[in-house]
Amino acid sequence: MTYKKIETVCGICPGECQVEIETDGRNIKSIKKSSINSPASVCLRGMYSDEIVNSKDRILNPLIRTAPKGEIGFREASWDEAIEYMRDKFSSIIDNYGAHSIMSHIGRGGFDSPTDDIVSARSGYLEPTGFLSPIGSPNNASVASLCYVSFGVFAPMTTFGIIGRRLLPDIENTAYLVVWGTNPKMNSPMFRYNNIVKQKKRGMKLIVIDHYKSDIAKLADKFIMIKSGSDGAFIHGIVKYLKDNDMLDIKYLKNYCHGLNAYLNYVDEFNIKRVIEETGIGKDEIVYLAKLLLENTAALLSYTGLEYTNCGVQTIRALYTLWMLTKNIDIKGGLLINDTQNERAKHLSYKKSEYKAIGSEEFPLFTKLVGQAQMTQFPKSVLEGKPYKIRGLINIGSVISINYPQSNLYREALKNLDFFVTADRFLTNDAEFADVILPATTYYEEDSYVIYPTHIILKPHAIEPRGNAKPNYVILNNIAEALGFGDEIPKNQEELIEHAFYHMPEVVRSLKENGIYYFEKNDRHYLKYETGELREDGKPGFPTPSGRFEIYSNILNEYGYEPLPEYIHGNESSKNTPDLFLKYPLIMNTGARIASTFRTQHLNIEGLLNHQPYPLIILNSCDAKRRGIKDGDWVRVFNARGEIKMVACVIDEINEGDTEINIGGGNKLFDINWRDANVNLLTDNTNQDQISGFPIFKQLLCEVEKI
């Protein structure tokens, strides 16, 4: 026997563990030893893994509805019976109404790479792709409808012409790291946070920009607190300062930037006075960041925190533009552009449909770049039949009735489906409307693979599956078999790695022989846009329609959107809705991760609830004092759309007028303290980023009062 010591093998939580893996020289046989370092205590051998796997709430067998929809009432069934029942129901819908009348939706509930790889959001497709594509349904959706792709697809594709995962902060070599609108300590696992701590010890300086003092901000050498939703104004103000003081290399930038003059004219609107008023940031800090970016190498670490305003895509485009104008793109210590990487996973076949995916009319660029249906248009399709009626839904690992805005609207839509199947580990609010519930394994119970920055590793199950639960990809295979395309979906670990790495035979071979594959280390090339390494024709520039970095986006212009990275006030704001602002004068932010949960998950796990028993709303101390609210008080959070109950967390390190509200509550079957805390009762399904269709989760209005 041989042993390989692997760090953070689990990949599930914000921790850094070490394990020894027993192998026979070919395959991983067992996890021999583990040392735990997990703030959330959710790790492969952590003290709560058994609590999650063996929870009394686990679904152990397929369930078939016996009670009327809107109630919890099921009987257990075999997999054969459940699959046969689904085959009959979905086949009937297809025969009577067409394949476009059924829809799939994939969440993040499995934590696994395989489910994402089989049905993930991918850019640049001419037709919608996804789980039901082989039978001719264009309606395949996922949480990409409200997460990541504004940051990871829309913004980078309309500026660099490349996908966001190729952009990487050079943390190891930078003098300054700017963390903007993200908290890497809550990443899972937290590779980057640990690296930031390490690099700070060698002398790297950390600047953090956010609307409240998160974990990463507490580590910062400089923390800039910004009013929520005003990031675009701050960025344009920095560029105006650089322009007014002749600090930009205009001759150089004109060679590589499309729309430079138009943008520099646009930023004239953002004088210091306006920027201070919009952002709450003082002149000294505007000047500080402008000079820092121009005079030093600076890496950028951002993520999805900037997505959820009415100009989310444009704000992220502006941020990339700032890094380009200060010449911090693809240099040592800056924001690197990785070499082209082949896309993982085979594409599922696509049967042509005469119907467009729902949301294609409202958000055509979403369908173009992401290749999926926009799930925010699901209620309109089911309840109004626009553009046609969705009648059947397959959902994997997501609580649709909580995670999407205006939850009651989605509850009504789920209730009105002809047939609804969901796969999960526990009963959730969606169970009130599901006709069939399929039991899925937890991360600990399934054979899979995990991809790390330096290697790929086979992940054997650590615990035998409870009851008759199956991994997500096996459930997808079972459903696909019933609908006639089972050969396109892997049904075991061997088929899984062949599917995921079909274009990389060396990876498949190494995983089968050794259980692990190490990425080759190639020499890093810098300034690839100068040498022609980014374009297929070998010419200098970027792979965009203009061949240059597009401050003025030709794609956005083609689709009728503002081509420059404009800043706009929120649809709900003191400027646009002054009367509403008088009634609800607090800005409602939501979506930040907390250590002991992941979205709606783990709120039924007692050990994890001990870390944070109550749903919190973070308030500025002055806002709280004016309302007679003290730290720890139960409060009512409300607006014109609804109300919820939270516990006040009163601090000074958040802007007056801003709030931060925990997500995940609202499941009636989970902990009692969280049952009345579904913040999406307060959000608005019609208030969206006009480009991506993303809901506005960080720029709505609310009010708070003590209970």
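In strand E16 (residues 419-424), the bridge partner of Asn395 is Thr422, and this contact belongs to a parallel pairing of E16 with strand E15 (residues 392-396) that extends over 5 bridges. Strands are here DSSP runs of E of at least two residues, helices are runs of H or I of at least four, and both are numbered from the N terminus; two strands pair if DSSP finds at least two bridges between them. The model is a predicted one, in which local features need pLDDT of at least 70 and side-chain atom pairs count only at pLDDT 80 or more, whereas totals for chains, interfaces and linings use all residues. Residues are numbered from 1 along each chain as its sequence is written, and side-chain values use heavy atoms, with hydrogens and water left out.

An open sheet of 7 strands with mixed pairing has the order E5-E4-E17-E16-E15-E6-E7. Its edge strands, E5 (74-76) and E7 (140-142), each pair on one side only. Neighbouring strands of this sheet are turned against each other by 20 degrees on average, direction ignored, where axes are lines fitted to C-alpha atoms (for helices over the stretch in contact) and angles run from 0 to 180 degrees between N-to-C directions.

A further open sheet, also of mixed pairing, is formed by 6 strands in the order E22-E27-E24-E25-E23-E26. Strands E22 (586-588) and E26 (659-661) stand at its edges with a single partner strand each, so that one side of each is left without a neighbour in the sheet. The twist from one strand to the next averages 45 degrees. Strand E22 is joined to E27 (residues 700-706) by 3 bridges in the antiparallel sense, with Ile587 opposite Leu701.

Strand E10 (residues 205-210) is largely enclosed by the rest of the structure, because 5 of its 6 residues are buried (under 20% relative accessible area with a 1.4 Å probe and protein chains only, exposed being over 50% and partly exposed in between). E10 pairs in the parallel sense with strand E9 (residues 176-180) over 5 bridges, Leu177 standing opposite Leu206, and runs parallel to strand E11 (residues 222-225), to which 4 bridges join it, Asp210 standing opposite Met225.

A search of the whole structure finds 27 aromatic pairs, defined for rings of Phe, Tyr and Trp (its six-membered ring) whose centres lie within 6.5 Å, with planes under 30 degrees apart counted as stacked, over 60 as edge-to-face and the rest as tilted. Among them, Phe160 and Tyr320 have ring centres 5.2 Å apart and planes at 70 degrees, so the pair is edge-to-face. Phe160 lies in the loop between helix H4 (149-157) and strand E8 (167-169) and Tyr320 in helix H11 (residues 312-325), so this pair ties together parts that are 160 residues apart in sequence. Phe160, at 0% relative accessibility, counts as buried, as does Tyr320 at 4%. Phe270 and Tyr567 likewise form an edge-to-face pair, 6.1 Å centre to centre and with 70 degrees between the planes, and both residues are buried. Ring pairs also link Phe160, Tyr252, Tyr256, Tyr320, Tyr529, Phe542 and Phe549 into a cluster.
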